[in-house]
Amino acid sequence: MPEHTVLRTVLADHPHTAKLKSGEIRDERVALSFTDIAPVHRAFAPMVREEAYDLSELAVVTALQAIAYGRPVVLLPAVVAARLQRGCLIAHAARPVAPGQLAGTRVGVRSYTQTTGMWVRAHLAEDFGLAADDIHWITHEEPHVAQYTDPDFVTRGSGGNSLPDLLREGRIDAAVLGNDLPQGEEFVRVVPDADARDEQWWSRHGYMPVNHMVVAGASVCRRDPQAVRAAYHLLLRADAAVERPDGVPAPTLFGFDRLREPIELIVGTCLEQGLLPRKLTPEEIFEPARSVLGSGTT
């Protein structure tokens with residue numbers, strides 16, 4: 001039996017990654033050597049700046065920026081994290097704000113390039129006619145892709161305080177939070193009917209808003225494309241092993257054909273919000289992965 005290739009891998013803990021991490025699902029051609037990084041977004045900058053891993057979960061906005069700025073990553077047609085997003089915009093219960101009152105306010109977000117923030121802004125534009133530059137965005141982290149520069153309606157600097165603390169102090173009017181969304185009654189949703197609006201969006205589009213995909217390093221794609229192909233098929237097998245009820249939103253999505261519409265929508269939204277320097281085509285985005293995975297991958 002030929003010696004397998006070891007891929008340095010970063011994937012968050014999801015139901016569809018559990019059997020990969022335990023080794024229950026494996027392939028003799030490749031071994032995934034996992035590095036645990038929490039929260040997983042801390043792996044994103046090293047991946048796009050230094051190609052620190054062979055295979056990594058990566059926010060879709062960061063992945064598209066990396067492609068636009070020529071960073072050494074290959075975006076695979078694999079979504080490993082998605083969620084309904086409107087409930088991620090919150091205010092302090094003592095100072096609630098309605099969507100129609102957001103123009104001119106200060107809204108905190110970890111980074112302007114954060115994918116959850118991109119989706120929240122997209123929904124605000126779609127539902128309430130608010131453009132990204134109608135709001136003053138307060139951030140406390142730089143973009144993962146160093147070549148990108150925030151627009152002039154974005155200010156970095158939260159004084160080291162968390163977004164919930166800034167809400168408590170009244171220094172921002174609302175905030176976008178994702179996996180770190182606080183629970184309890186101290187904070188309230190800005191969009192009160194977020195769940196109903198999200199359900200309508202999902203019914204119309206047929207997929208959940210994409211958050212994280214998987215990229216391979218350009219070096220390993222050149223050096224050992226067979227290992228990358230094997231890793232992609234491991235992701236497919238691991239996802240297929242998760243039982244999910246029919247007719248409900250799923251957090252994963254695979255395949256070039258199924259991802260064409262979501263990626264085109266995200267690219268257009270990123271252009272509207274000043275997140276990309278130019279338009280990217282689906283072919284430009286996925287052709288490197290097609291050459292690795294083969295033409296039979298749909």
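**Figure 1. The whole protein at a glance.** Buried residues make up 53% of the 298 residues in the protein, where buried means under 20% relative accessible area, exposed means over 50%, and partly exposed lies in between (1.4 Å probe, protein chains only). What you see is a predicted model, in which local features need pLDDT of at least 70 and side-chain atom pairs count only at pLDDT 80 or more, while totals for chains, interfaces and linings use all residues. Residues are numbered from 1 along each chain as its sequence is written, and side-chain values use heavy atoms, leaving out hydrogens and water. The protein has 10 helices and 12 strands; these are DSSP runs numbered from the N terminus, with helices being H or I of at least four residues and strands being E of at least two. How far does the C-alpha trace span along its principal axes? The spans are about 65 × 40 × 30 Å. The radius of gyration is 19 Å, which agrees with the value near 19 Å for a compact globule of 298 residues; this radius is taken over C-alpha atoms, and the globule rule is 2.2 Å times the number of residues to the power 0.38.

Figure 2. Two strands count as paired if DSSP finds at least two bridges between them. Strand β1 (residues 5-10) and strand β3 (residues 55-59) run parallel and are joined by two bridges. Look for V10, whose bridge partner in β3 is S56.

**Figure 3. Strand β5 between two partners.** Are the faces of strand β5 (residues 89-92) covered or open? Both are covered: L89 and A91 on one side, and I90 and H92 on the other, are all buried. Strand β9 (residues 174-176) runs antiparallel to β5, and two bridges join them. I90 has A175 as its bridge partner in β9. On to strand β10 (residues 187-189), which is also antiparallel to β5 and is joined to it by three bridges.

Figure 4. You will find H212 in strand β11 (residues 210-217). With a relative accessible area of 12%, H212 is buried. Which residues does H212 touch, not counting those up to four places away in sequence? They are V40, F44, E57, L58, A59, V60, A78, V79, V80 and A81, where contact means heavy atoms within 4.5 Å.

**Figure 5. M118 inside helix α4.** Helix α4 (residues 115-128) holds M118. M118 counts as buried because its relative accessible area is 0%. Leaving aside residues up to four places away in sequence, M118 touches V61, I266, T269, C270, Q273 and L275. For a sense of distance, find G255, 137 residues from M118 along the chain: their C-alpha atoms are separated by 23 Å.

**Figure 6. H233 on helix α8.** This view shows H233 in helix α8 (residues 225-240). Its relative accessibility is 37%, so H233 counts as partly exposed. Between the C-alpha atoms of H233 and V214 there are 12 Å, and the two residues are 19 apart along the chain.
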